[in-house]
Amino acid sequence: SLSFAPAFTGTKNIYLYAADDQGQTSSWQQRGTWTPASNSPPTADSVTPSSGSGTAQAFTAAYSDADGYTDITRTYVLFNSSIYILNSCFVYYVRAANALYLDNDNNTALLGPVMPGSASSVQNSQCTLNGVGSSASGSGKTLTLTVNLSFQPAFTGTKNIYLYAADSQGQTSGWQQRGTWTVP
């Protein structure tokens with residue numbers, strides 16, 4: 001069982017060698033090739049719509065990983081005036097469980113899970129995360145996540161839309177601002 005360092009990229013030849021107890025050897029012989037996974041960090045690509053206003057909207061976020069979308073373990077969508085989770089609309093998605101969560105007001109617990117497409121919902125003082133109208137799918141290198149949100153009346157003003165992704169090797173996209181949304 002081998003794990004390759006991230007810098008060990010590209011196709012590698014596999015060589016075998018055998019020796020017996022009389023000192024005879026096979027000499028080195030190429031018997032295959034292997035291309036280690038690139039271990040590239042995921043990216044937080046875009047959100048649609050990337051601007052606008054309203055009290056309810058389904059937002060579609062796209063995330064990518066050169067190692068394939070199944071390498072992405074979790075993603076986040078954050079609505080706030082800055083990268084600050086306390087008293088925000090902060091949605092957390094776990095790909096392996098196909099489950100959405102909403103952070104509570106105090107950033108001390110996750111509310112949910114909400115399964116995309118289900119009739120369930122959770123809310124904090126900033127927004128409601130609705131299962132109906134939410135979805136997740138992957139193809140090739142891209143994970144697409146749609147979150148259907150309704151904003152609470154007290155959560156007014158222009159909010160930045162931040163995206164974040166993490167992969168199975170612990171690499172992340174870091175927080176990326178990909179849009180703005182105004183809650184009237």
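By a patch I mean residues with over 30% relative accessible area and no salt bridge, with nonpolar side chains joined within 5 Å. The model is predicted, and I keep that in mind for every entry.

Entry: surface. I looked for a nonpolar patch and found one of about 610 Å², made by Leu2, Phe4, Phe8, Ile14, Leu16 and Trp34. I then checked one of its members, Leu16, which lies in strand β1, residues 12-16. Its relative accessible area is 48%. Leu16 therefore counts as partly exposed, because exposed would require over 50%.

Entry: elements. I listed the secondary structure and got 0 helices and 13 strands.

Entry: sheet. I traced an open sheet of 6 strands in the order β8-β7-β6-β5-β12-β13, with antiparallel pairing. I noted β8 (110-114) and β13 (176-183) at the edges; each has a single partner strand, so one side of each is left without a neighbour in the sheet. On average, neighbouring strands of this sheet are turned by 20° against each other, direction ignored.

Entry: I followed β5 (residues 72-80) against β12 (residues 157-167) and found 8 bridges joining the two antiparallel strands. At Asn80 I looked up the bridge partner in β12, and it is Asn160.

Entry: overall form. The C-alpha trace spans about 85 × 30 × 25 Å along its principal axes. Of the 184 residues, I find 36% counted as buried.

How values were computed:
Residues numbered from 1 in each chain as written. Predicted model: local features only at pLDDT ≥ 70, side-chain atom pairs only at ≥ 80, totals over all residues. Heavy atoms only, no water. Patch = residues over 30% accessible without salt bridge, like charges linked within 9 Å, V, L, I, M, F, W, Y side chains within 5 Å. Areas by Shrake-Rupley, 256 points an atom, 1.4 Å probe, with all protein chains shown as cover. Salt bridge = Lys/Arg side-chain N within 4 Å of Asp/Glu carboxyl O. Helix = DSSP H or I, 4+ residues; strand = E, 2+ residues; numbered from the N terminus. Buried < 20%, exposed > 50% of the residue type's maximum accessible area, 1.4 Å probe, protein only. Pairing = 2+ DSSP bridges. Axes fitted to C-alpha atoms, helices over the stretch in contact; angles between N-to-C directions.
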